[in-house]
Amino acid sequence: MSDGNYFDGQADKVFQARDVYGDVHFHGPQQPAAPVLQVQAPPKHYRNNKPQLDLLTEIHDEALDRVPIAIVRGAPGSGRTTLCETWLHQHQDRFDRFYEVRVGHRVGADVLAELLSKLGYGLDEMPASLEARAAMWQSRTAGFKVALLVDDALSAAEVKALLPTRPGSYVLAVGSDLEALRARYSARDVELEPLSDDAALGVLTALVGEEKLAAEPEQRKELLRICAGSAAELNVAGMLLARPDATVRRLLARIRAKGTLASAVFDVAYDLMGEHEQAGYRFFGAHPGSGDVRLETVAAVLGLEEFEAEDALQKLVSAKLLEVIKGRYRMSELARLHAAGLAGDLEEIVVGYYARQGLEIAERALRTRWPEKIWEGFVPASLPEADAWEWLFAEQANLLAAAEAALQTGAHEDVIRLARALWPVYKDGAYPVELAAVSQDAVQAAQAAGMPLAEGLVRTQLGFARMQRRDWAAAREQYAAAAELATTPEEHASALEARGLAFFEPGLIARQQGRPDEAVSLLGQAEVCFRESLALAEALPDGRRLALIRMHLAKVVPPEEAALLLAQAEQSLKNEPGNLVKIRLWQGRKLIEAGSYEEGAAVLAELDSAAEQLRLHRERIAAFRSRAEAALARGFRDQAKAHVEDAVSVAQLHGFTAEATDLLIWLGRL
């Protein structure tokens, strides 16, 4: 144990706390789960992909001294997940535990909670943060070889947080955008090809029976040609042929009558659906992007009662046209391509729903009061604030896809609504590329629609995205354009506030990186902008606007003046948890700036839990950095390194690449 509370070395369990009263006990889960060993056997109609199975074995056997990763790739409907399950079923004796988890658009901490629950831990026994849950998962599985199947992974970072550590473990990842795993972890690809005719015939035979297929050999050959080795189409064809009165000839006749749609097999299946199932099927064809969907969304768009929509969707699930993921529904890519040809103008209705509902919920989560200035009669949603935030994060991929679709169809106001709906999710910096893209589209839409107020607002968003990528000149250009569009004191105050931040952020970085002259110049310009904005805000009836600019001005003034400004801001923003975290951050930083190192560090330590729950990871990174600076000032170098390492972990896990780079450089100098 070194100075401060930094631990260096190895131990089975480590407890860290500021003050401890009484005894400390460590416990395993209250209800330990039985070891998970059994892997589900493949379906009886599964046909062996021997080269791919052999490659999975090779990848595992060549890396017994570490944790190999196989990325299983293939066309939609090719059976990627089934391939993984088949290999694991055949080789489960190589492992002590097997776990399977689907990622999709779920929050990483929730995915880890599912894995920890499989070890027997209840939610009340788990830490709250993603980083702590990842550490707990790795610690609790370090004693045995784990086979982990990660399905529907959307990024390498998601997989990284789930990796076991015991050599001999194995991770099979099915998903997209996983290229970074190759560079960092030497992951290898396993590519699935379409099934051969023999394998495809085997699938159909297992589903339908040999007698029915053998009776029509020429028609059987034509059906195999149409299915083209797609496991998804073969399953649908088998389902249709399994009907007592079905024949291959009759199925082919139906297919020929339908012409050249994306998949005639799916078209026949569509004809056999009821009215509500057909409506649900068309909905998924109209739905932008490939994200999963809430039942409530389907019911609202189609004008059905929720029980009617649920009955229809469950029938589509039974027909293997939809799958259920944690209570949400998703259609396979092949079926969705087919359904899109039947959707008609339904996409416009779906996009409009996301635009209106998204903006109403976003304003409930983060009140800005700008929408009612742009759209007369606008009213935020009435659901609880916590539910609003949960909805936004669950739907962010759908909202982004809807914005792209709206731009393509010229639905300009929907583009603007969707850009504003995404602002609460993107504003804190984890998605700068997405924020820049949707805001740039919204700028074009506002110009096309002749909406200067909306244009100034989304230009400010675009400026924030440029700042998050540290393109300060481009950010200031956007804020200057927003200022030119401003026609009221409130708009001018907002533009000046944003422009001040575009000077403040690079000024703060210059100070941290040891460029004092540049820092003084930039922070001085930021103060000028903030004071001009404050003068305008003091004449406005908007107390919230005044509180926000006071909070920003506090960042660049001496600690004594900052304390007063932050106290005033806190009084006005006391019902906004996110802004309270930011105020606490600057209260702690200003205490440290004034030399009250221990008191300031304590304030910063207390905000981490709330910041993590609110996904304010940029604030968490800043707090850890300031705590490190306070530790250094007190002579606790090892403790400072520990805080910087914590900041690096948060930055890397949540995609704050520039911050992670800065911190690693600093860490190397400590």
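A residue counts as buried when its relative accessible area is under 20%, as exposed when it is over 50%, and as partly exposed in between. By this rule His552, with a relative accessibility of 9%, is buried. The model is a predicted one, and the mean pLDDT of the protein is 86. The points below are grouped by topic.

**Confidence in the model**

- Of the residues of the protein, 91% reach a pLDDT of 70 or more.
- Residues 1-27 have a pLDDT below 50, and in the model this stretch has 20 contacts beyond near neighbours in sequence.

**Buried residues and their surroundings**

- His552 is part of helix H26, which covers residues 543-554. Leaving aside residues up to four places away in sequence, His552 touches Glu497, Leu501 and Phe530.
- Glu114 belongs to helix H3, residues 108-118. Its relative accessible area is 16%, so Glu114 is buried. Apart from residues up to four places away in sequence, Glu114 is in contact with Glu100, Val101, Arg106 and Lys326.
- Trp375 sits in the loop between helix H18 (371-374) and helix H19 (385-409). With a relative accessible area of 10%, Trp375 is buried. Residues up to four places away in sequence aside, Trp375 touches Leu359, Glu413, Ile416, Arg417 and Met451.
- Trp375 and Glu100 are 275 residues apart along the chain, and their C-alpha atoms are separated by 46 Å.

**A largely enclosed helix**

- Why is helix H10 described as largely enclosed by the rest of the structure? The reason is that 10 of the 11 residues of H10 (residues 231-241) are buried.
- The buried residues of H10 are Ala231, Ala232, Glu233, Leu234, Asn235, Val236, Ala237, Gly238, Leu240 and Leu241.

**Salt bridges**

- How many salt bridges does a search of the whole structure find? The search finds 34 salt bridges.
- Arg182 is joined to Asp189 by a salt bridge, with 3.0 Å between the closest N and O atoms. Arg182 has a relative accessible area of 29% and is partly exposed. Asp189 is also partly exposed, at 30% relative accessibility.
- Arg225 and Glu222 form a salt bridge through their side chains, at 2.7 Å from N to O. These two residues are three apart in helix H9 (residues 217-227), and therefore about one helical turn separates them. Arg225 is exposed, with a relative accessible area of 56%, whereas Glu222 is partly exposed at 23% relative accessibility.
- Lys590 and Glu593 also meet in a salt bridge between side chains, at 3.1 Å from N to O. Because Lys590 and Glu593 are three residues apart in helix H28 (residues 577-593), they are separated by about one helical turn. Lys590 is buried at 5% relative accessibility, while Glu593 is partly exposed, with a relative accessible area of 43%.
- A network of salt bridges links Arg102, Asp151, Asp152, Glu323 and Arg330.

**Cysteines**

- A disulfide is a covalent bond between the sulfur atoms of two cysteines.
- The search of the whole structure finds zero disulfides.
- Cys84 is buried, with a relative accessible area of 0%. Cys529 is buried as well, with a relative accessible area of 3%.

- Rolling a probe the size of a water molecule over the atoms shows where empty space is left.
- The count comes to four cavities of 30 Å³ or more. The largest cavity has a volume of about 110 Å³.
- The residues that line the largest cavity are Trp370, Pro452, Leu453, Gly456, Leu457, Thr460, Ala482, Leu485, Ala486, Glu491, Ser494 and Ala495.
- Which helices each supply at least two residues of this lining? They are helix H22 (452-468), helix H23 (472-485) and helix H24 (489-512).
- H22 provides the largest share of the lining of the largest cavity, namely five residues.

Notes. Residues numbered from 1 in each chain as written. Predicted model: local features only at pLDDT ≥ 70, side-chain atom pairs only at ≥ 80, totals over all residues. Heavy atoms only, no water. Buried < 20%, exposed > 50% of the residue type's maximum accessible area, 1.4 Å probe, protein only. Helix = DSSP H or I, 4+ residues; strand = E, 2+ residues; numbered from the N terminus. Contact = heavy atoms within 4.5 Å. Salt bridge = Lys/Arg side-chain N within 4 Å of Asp/Glu carboxyl O. Disulfide = S-S within 2.5 Å. pLDDT = per-residue confidence, 0-100. 1 Å grid on protein atoms, 1.4 Å probe; cavity = no way out; pocket = protein on both sides within 12 Å on 5 of 7 lines; lining within 4 Å. Points joined across faces, edges and corners; volume = space filled by probe spheres on them.
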